[in-house]
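My entries follow in the order I made them.

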Amino acid sequence: MTVNTPAKNSRIPGLHKDDIATRLARVAAFADLDAATVSHLADMGNLDPQLADRLIENVVATMNIPIGIATNMKVDGEDVLIPMATEESSVVAAVCNAARQCYEHGGFTTSLSGSLMIAQVQLVGVPDPMHARMRILERKAEIKTLCDECDPMLVKLGGGLQDVEVRHIETAGGPMVITHLIVDTRDAMGANAVNSMAEKLAPHIEAWAGGRVYLRILSNLADRRLARARAVWTCEAIGGEHVRDGIISAYRFAAADPYRAATHNKGIMNGVSAVVLATGNDTRAVEAGAHAYAARKGWYSSLTDWEVTPDGNLAGTLEMPMAVGLVGGATKLHPTARACLKIIGATTAERLARVIAAVGLAQNFSALKALATTGIQKGHMSLHAQNIAMMAGATGDEIEQVAQAMVAQGAVRVDVAEAELARLRNRG
């Protein structure tokens, strides 16, 4: 006899109005969660449930990501500890090692191009796009007044609209006139500020230029907000000229080949995104800007550059958009984000952006050095082995013993871990 299981229905009316406990119970019923899983999800850790319920919609739980501290970092002559939120083994250790190897040579030197963000206003259906462009540009003073009225506090702090650019682009749907509002957002990431300005300006652009406005939104290609970092590693510190040359060869591969560049830049973002997340900033915005910037020349390439200095040492540089802030959103509301900002000691968005750029360069150095010498798996799998040991059921001191046994065999797998764990317990 066939038993028909009722089809599940994701239409759960009123979920957003429920309290957290009721909401979790309804989700648990849908997903057939056992009591232990429900209890685990109900434990919000160090984040107040009511705050979590205000940060996003339909909250039922939190996802606790480990925060590790990268040591040895010297940025612009100042020693700093870096909190990094990540689930991936070896990321924090990689930054520590890279920073240690250039510490005596001065560490990292950084800069920031500015704190400018771009909002775009899309105008379509204009028969004379070049004349429309001019009509908008002629209103620059009026545009500044309209935009600055959206955020008087930002203007008081020295920010606000700085410039207006108007572009004519050809698309599959015909010509478009795109207005760029260049806004100094100071210590804010700036999305809310520039979006408000774009929306307020939209009907005025229609009146001045004709046509119809559709999109009114910021651009995450924050190329007016570039964070830069540079550092020098001596050949003596990194293991010799052959290591230096291997790193440069690996970089040249990434610079020429988008398949390699994607993984090369992912490694950079291992470090960058970990600090962005730890400080309550928008990881997706920073990642989108980074990858778009990597393709700015018409092909996807490396975000870093590596070369040999006149005295034969290894020099690395990183330049990438870094739209991060200290005010607004989780950076102000999330207690862990506030604690991480205090650990870094960043009192301005500029300082935070510069520190993050240094972390990205450090991460890239470590990845390239590993690839050019022992291979990426040796260090990564040594740390990952502990996770595999726990998956196999190891606890306490067993975790390290099982992990070491797997690494010694060069086989970091759950089946190997289970066999080693059984052998260890049988000996006991």
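**Aromatic cluster**

I looked up tryptophan 306 and got 4% relative accessibility, so it counts as buried (under 20% relative accessible area; exposed is over 50%, partly exposed in between; 1.4 Å probe, protein chains only). The model is a predicted one, in which local features need pLDDT of at least 70 and side-chain atom pairs count only at pLDDT 80 or more, while totals for chains, interfaces and linings use all residues. Residues are numbered from 1 along each chain as its sequence is written, and side-chain values use heavy atoms, with hydrogens and water left out.

I then listed the aromatic pairs and found four in the structure. Rings of Phe, Tyr and Trp (its six-membered ring) pair if their centres lie within 6.5 Å; planes under 30 degrees apart count as stacked, over 60 as edge-to-face and the rest as tilted.

For tryptophan 233 and phenylalanine 365, the ring centres are 4.4 Å apart and the planes are at 5 degrees, so I logged this pair as stacked. The partners come from distant parts of the chain, 132 residues apart: tryptophan 233 is in strand E8 (residues 226–233) and phenylalanine 365 in helix H15 (residues 349–372). Helices (H or I, at least four residues) and strands (E, at least two) are DSSP runs, numbered from the N terminus. Tryptophan 233 is buried at a relative accessible area of 0%, and phenylalanine 365 is buried with 0% relative accessibility.

Tryptophan 306 and phenylalanine 365 make a tilted pair, with 6.3 Å centre to centre and 40 degrees between the planes. I noted one aromatic cluster formed by Phe108, Trp233, Trp306 and Phe365.

**Four-stranded sheet**

In what order do the strands of the open sheet run? I read E5-E6-E4-E7, with antiparallel pairing; two strands pair if DSSP finds at least two bridges between them. Strand E5 (160–171) and strand E7 (212–219) are the edge strands, each pairing on one side only. Neighbouring strands are turned by 20 degrees against each other on average, direction ignored.

Strand E4 (residues 116–124) pairs with E7 over six bridges in the antiparallel sense. I checked alanine 119, and its bridge partner in E7 is leucine 218.

Helix H8 (residues 191–209) packs on the sheet and touches E4, strand E6 (174–184) and E7, where contact means heavy atoms within 4.5 Å. The direction of H8 makes about 155 degrees with that of E7; axes are lines fitted to C-alpha atoms, for helices over the stretch in contact, and angles run from 0 to 180 degrees between N-to-C directions.
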